[in-house]
Amino acid sequence: MQTSREAGTGVDVRVSNIGGIDETELHLTPGVNVLVGRNATNRTSFLQSLMAVSGSERATLKGDSEEGRVEVELNGETFTRVLTRRGDDVDFSGDPILDDAEVADLFAFLLEDNEARRAVATQGDLRELVMRPVDTEAINDRIDELLAERERVDDEIEDAKAAGRRVPDLEERRVELEDEIEAKREALEAKQAEIDDADADVEESREERDDLEEALDELNERRAAVERIASRLENERSSLSSVRSEREDVEDALEGLEGVDEDRVAFLDEQVASLRDRKRDLDSTITQLQSLIQFNEEMLEGEHTEVLQLLADDEDESSAVTDALLAESESAAGRCWTCGSEVSMEDVEETLNKLRELAREKRKERSSVTSELEEVQSERNEIETRVERREDLEQRLEELGEEIETREDSVERLTAEREEASETVEELEGTVEELEAGRHSAVLDLHREANELQFELNDLQDDLEDVESEIAELEGEADRQADLEEKRESITEELEELRTRIDRLEAEAVESFNDHMETVLDVLDYGNVSRVWIERATEQVREGRRKVERTTFRLHVIRMGADGTAYEDTVEHLSESEREVIGLVFGLAGYLVHEVYEECPFMLLDSLEAIDSDRIAALVDYFREYAPYTAVALLPEDAQALDDDYRRVTEI
């Protein structure tokens, strides 16, 4: 399997003051590394050191130390993690392998208290564990962004298509205008020829003719000015109508927008704050419980010898206490490391089990609080969206009101300008008529006709320029269609990928678990357990006042009866060994689905005593091909069943 951190010549690990370790330096080789030893030999502490340098905070500082350190040399790089005591807490600093170790904590560090591993035995929410590393909220936000962007692109594509459809008509109009201009030029040239002929035959007053030509030129200019003002006035009136229409739409949208209940907003804000506080309290409680459980487990394994030394009156009594604590009999007596009184190990185990059960209950409660918090935040976000929408509409309404006032002033001004220009045209027309009346000359008529032709020719040329400019603009708009459609396709592909990402991850997790579980059961040969598989199903759950469908993972166990008949059983009826194997395979499925091997080089296994040694060997052989470095803590008798080629570490 290719990873971003390929296994090279090995890993050098230096540890000081972590768990029960004072000082140690080990070399791990690529593949499987077997940590062999009895309880209280710091094997778990070493695994926690690897977790710490990978970025996890599931490691403890040595009880009598103020600072601990882990350093790893991997593929030419050095990574460090420093643990520093701060009152009752421990701070983590340094340069770990991973920026975020959440996924590795869930699916690569499969120690006894691993959440994914324990979820099978406690019938926890398997789907929630698999999907926890996926930021579904960010995915949904990105989907909303892409939908809005695609809608904008669709509008632009439609505009481009419309532009393309208008070009042929405009090209036809261009040809018509070119023909009209050519005809008008010919008519003007013919009229100019008539004027030249008439000038040659008729004696007339040059001064009177110049006055008439000057009046005609000014009249043409004024007529053109009136046309320009009229065009601007028409455009302004059209824009004013559009703005008024938009204002009506905005007013309708505002009227149809659901109001905001301020009391409800205040209530939701209080709920969010309360639920966040509760979640922080639960996180703190769970962390404290985990530390307490871990410390007591390490005490049971005899790792904190300094505590045992304090309980003893002399070296012999210390040895006796240590032997008592490590006794395999559940009824054996030992010294309580809290009060120093004599207690039975059975009572200690019972109390420890209660702590584990309390931790599980707190995790379930945290999951419930998290779901409720997400629901409340979702409703609060919806209200905030409505508030923002109302503010945007009100602001737009104010802008439209100002624009309407501006355009009404412009319409009023242009109307006055047009009336004034029209009056000037009428006066000039009167002047021309007077000049023509005083000159009943055919030459003057020719000059007037020539001026009218020139005016018409100018108008046609202006129209042609406008048409050609519009054609160029529309062709540019139409040319964007291919790029826009390509962009839309890219957006659609990303949308499809986002929409299916969650489903794909869920399906991959189920398929991976089922495939590996089938293979592992065949390898380990559990006899009457013929199949263990996860079904991906949907169920209706209530979110606030509505019911929604949510995906769930249902774990099925199929057994084979003595008569060869298959029947479905429950997880509770599985042996401890079988539950442990299923939990480990579930962790492996998450490891592969989230491609943890791309960033984290380690897979860590511990507390496999419930599984017999031959099956442990088969399971380790199966796991070894999926991680660059696998470290497994085993008892000496269990380690004997493993391949002799695996590296053994017997002292830590």
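Start with helix 12: its 44 residues, at 1.5 Å a residue, should span 64 Å, and the end C-alpha atoms are 61 Å apart, which agrees. The expected span is 1.5 Å times one less than the number of residues. Helices (H or I, at least four residues) and strands (E, at least two) are DSSP runs, numbered from the N terminus.

This is a predicted model, where local features need pLDDT of at least 70 and side-chain atom pairs pLDDT 80 or more, while totals for chains, interfaces and linings use all residues. Residues are numbered from 1 along each chain as its sequence is written, and side-chain values use heavy atoms, without hydrogens and water.

Helix 12 has a kink of about 45 degrees centred on R501; that bend is the angle between axes fitted to the seven residues ending there and the seven starting there. Just after the helix, D525 has a positive phi of about 55 degrees.

Next, the packing. Helix 12 (481-524) meets helix 14 (613-623) at about 145 degrees, axes 10 Å apart. Axes are lines fitted to C-alpha atoms, for helices over the stretch in contact, and angles run from 0 to 180 degrees between N-to-C directions. Contact means heavy atoms within 4.5 Å. Helix 12 contributes H516, T519, V520, V523 and L524, and helix 14 contributes R615, A618, L619 and Y622.

Now the sheet. It is open and parallel, with five strands in the order 7-13-14-3-15; strands pair if DSSP finds at least two bridges between them. Strands 13 and 14 share four bridges. Helix 14 packs on this sheet, at about 165 degrees to strand 14.
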